[in-house]
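Student: Hi, could you walk me through this fold? I'd like to go piece by piece.

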Amino acid sequence: QAVLLDGIADGAIVGEALLADDDRNTIEVFNNLTSYGTGVTGVVARSGPEALIMAGRLRPKLIIFDLFIGQADGFAVLKSLTGDEATGEAEIYASSLSLSPDIVRAATGCGVASVLKRPLESRTLSRLIGGLRRSS
């Protein structure tokens, strides 16, 4: 089941998938795809700093990060995520409204698996989360 982490102690929740996003519709789809009985635990961060803290604590297998979440420098957050040994094993995806060559180049330069077009479609999230089920 997807949860919002706010002041939860280290190790209190194990999250296989971390969504860093502030879009209500995307969060709702993600929550549905990681709800009880799906075999995947999802956690939602609503800011870049929160994503970094949660990723370090939870060591998710999948991270989907909105490059333009809140006031965060998305590329700096991505560099931190891809460079941290706590998330080194994670498959990390960036998402953006624009897939301009500059954005894609900068994001892939940070080490992400791919840059996803926003708004994120249910089938895209389903495919990524389904990959976790198959690899478990």
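Tutor: Happy to; we'll start with the overall layout and then turn to cores, helices and a few single residues.

Student: Before that, what kind of model is this, and how are things counted?

Tutor: This is a predicted model, in which local features need pLDDT of at least 70 and side-chain atom pairs count only at pLDDT 80 or more, while totals for chains, interfaces and linings use all residues. Residues are numbered from 1 along each chain as its sequence is written, and side-chain values use heavy atoms, leaving out hydrogens and water.

Student: How much of the protein chain is buried?

Tutor: Buried residues make up 43% of the 136 residues. Buried means under 20% relative accessible area, exposed means over 50%, and partly exposed is in between, with a 1.4 Å probe and protein chains only.

Student: What about contacts across the sequence, what share join residues at least 24 apart?

Tutor: Among contacts between residues at least 6 apart in sequence, that share is 66%. A contact here is heavy atoms within 4.5 Å.

Student: On to the core. Which residues touch the most other members in the largest nonpolar core?

Tutor: Those are Ile-63, Phe-65 and Leu-78, in a core of 23 residues. The elements that give two or more residues to this core are strand 2 (17-20), strand 3 (42-45), helix 2, strand 4 (62-66), helix 3, strand 5 (91-96) and helix 4 (101-109). The largest share, four residues, comes from helix 2. A nonpolar core is a set of buried Ala, Val, Leu, Ile, Met, Phe, Trp, Tyr and Cys residues joined through side-chain atoms within 4.5 Å.

Student: What does Ile-63 touch?

Tutor: Leaving out residues up to four places away in sequence, Ile-63 touches Leu-18, Ala-55, Leu-81, Thr-87, Ala-90, Glu-91, Ile-92 and Tyr-93. Apart from that core lies another one, of 16 residues, including Ile-64, Leu-116, Leu-128 and Leu-132.

Student: Now helix packing. At what angle do helix 2 and helix 3 cross?

Tutor: The axes of helix 2 (residues 48-58) and helix 3 (residues 74-83) cross at roughly 5° and come within 10 Å. The two helices are therefore roughly parallel to each other. For the angle classes, under 35 degrees is roughly parallel, over 145 roughly antiparallel, 65 to 115 roughly perpendicular, and the rest oblique.

Student: Which residues meet there?

Tutor: Gly-48, Ala-51, Leu-52 and Ala-55 from helix 2 meet Val-77, Ser-80 and Leu-81 from helix 3. This contact has five nonpolar residues, two polar and no charged.

Student: Which residues of helix 3 are buried?

Tutor: Gly-74, Val-77, Leu-78 and Leu-81 are the buried ones. Seen down the axis, they fall within an arc of 100°, so they line one face of helix 3. They pack against helix 2, strand 4, strand 5 and helix 4. The face turned away carries the exposed residues Lys-79 and Gly-83.

Student: And which residues are buried in helix 1?

Tutor: In helix 1 (residues 24-33), the buried residues are Thr-26, Ile-27, Phe-30 and Leu-33. They cover an arc of only 125° around the axis, which puts them on the same side of helix 1. Exposed Arg-24, Asn-25 and Asn-32 sit on the face turned away from that buried side.

Student: Changing topic: which peptide bond is cis?

Tutor: The bond from Arg-118 to Pro-119 is cis, with omega near 0°. Pro-119 lies in the loop between strand 6 (114-117) and helix 5 (122-135).

Student: Where is Arg-59, and what is its phi?

Tutor: Arg-59 is in the loop between helix 2 and strand 4, and its phi is near 50°, a positive value in a residue other than glycine. Most residues other than glycine have a negative phi, and most peptide bonds are trans.

Student: Last one: is Pro-49 buried or exposed?

Tutor: Pro-49, found in helix 2, counts as exposed at 52% relative accessibility.

Methods: Axes are lines fitted to C-alpha atoms, for helices over the stretch in contact, and angles run from 0 to 180 degrees between N-to-C directions. Ala, Val, Leu, Ile, Met, Phe, Trp, Tyr, Cys and Pro count as nonpolar, Asp, Glu, Lys and Arg as charged, and the others, Gly among them, as polar. The arc is that of the directions from the helix axis to the C-beta atoms.
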